[in-house]
Amino acid sequence: AGLVETLRTPGPFTVFAPTDAAFADLLTALGISKAELLANTTLLTTVLTYHVSPGANDPRKFASPVQRKTLAGDNYVYLSRNAGEPRVNTAIVQCQGVKADNGLVWIIDSVLQPGF
C-alpha cells in the first residue's frame, strides 16, 4: 500500500491495528478472499492508510469524540470512550498502546471504515 517509506520516517504516527479476526470478518463482509484483497491495491491502500494517523494519539484520553486526520486524505477517525472503553470510531481498543520507535500501535477489534 506504499506505507513502508512513510512509516520509516521519524513520525510520530499512531497505527490502529485490527486483529486477524477483524480482517477475517472484513473479508467475509466484502465477500472476497485474502488474495483478492491483496491484489486490489486501491482497496488495500484505502483500508491501510485509514488505520494510520499522524501524531501520537491516545484514544483512552477522550470522553467525547475527537477527530484525528489519517493518511487516507480527507478521512478522519474519531477517538472516544464509550461505557469506559476506549474506541476508535466504533472499534474497541483491545490493549494498552504499544510504543514503537516512531509512535504508538493500538490493537483494535474491527477494521475501520470511513464514516464509522
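Which residue forms a salt bridge with Glu 5? The first close-up has the answer, after a word on the model.

This is a predicted model, where local features need pLDDT of at least 70, side-chain atom pairs count only at pLDDT 80 or more, and totals for chains, interfaces and linings use all residues. Residues are numbered from 1 along each chain as its sequence is written, and side-chain values use heavy atoms, with hydrogens and water left out.

**View 1. Glu 5 and Arg 8 make a salt bridge.** Arg 8 is the partner, and the closest N and O atoms of the pair sit 3.1 Å apart. (A salt bridge here is a side-chain nitrogen of Lys or Arg within 4 Å of a carboxyl oxygen of Asp or Glu.) Both Glu 5 and Arg 8 are exposed. (Exposed is over 50% relative accessible area, buried is under 20%, and partly exposed is in between, using a 1.4 Å probe and protein chains only.) By this rule, the count is 3 salt bridges.

**View 2. Arg 60 meets Asp 58.** The N to O distance in this salt bridge is 2.8 Å. Arg 60 is partly exposed because its relative accessibility is 37%, while Asp 58, at 12%, is buried.

**View 3. Arg 87 pairs up with Glu 85.** Here the closest N and O atoms of the salt bridge are 3.1 Å apart. Arg 87 has 16% relative accessibility, so the residue counts as buried; Glu 85, with 32%, is partly exposed.

**View 4. Strands β3 and β4 form a hairpin.** Residues 66-69 (β3) and 76-82 (β4) pair in the antiparallel sense over 4 bridges. (Strands are DSSP runs of E, at least two residues long, helices are runs of H or I, at least four, and both are numbered from the N terminus; two strands pair if DSSP finds at least two bridges between them.) Lys 69 has Tyr 76 in β4 as its bridge partner. Between the strands lie 6 residues, and Gly 73 takes a positive phi near 70°.

**View 5. Ile 108 belongs to the largest nonpolar core.** This core has 13 residues, and Ile 108 is one of those that touch the most other members, along with Phe 16, Val 77, Leu 79, Val 88 and Leu 112. (A nonpolar core is a set of buried Ala, Val, Leu, Ile, Met, Phe, Trp, Tyr and Cys residues joined through side-chain atoms within 4.5 Å.) Strands β4 and β8 (103-108) are the elements that give two or more residues to it.
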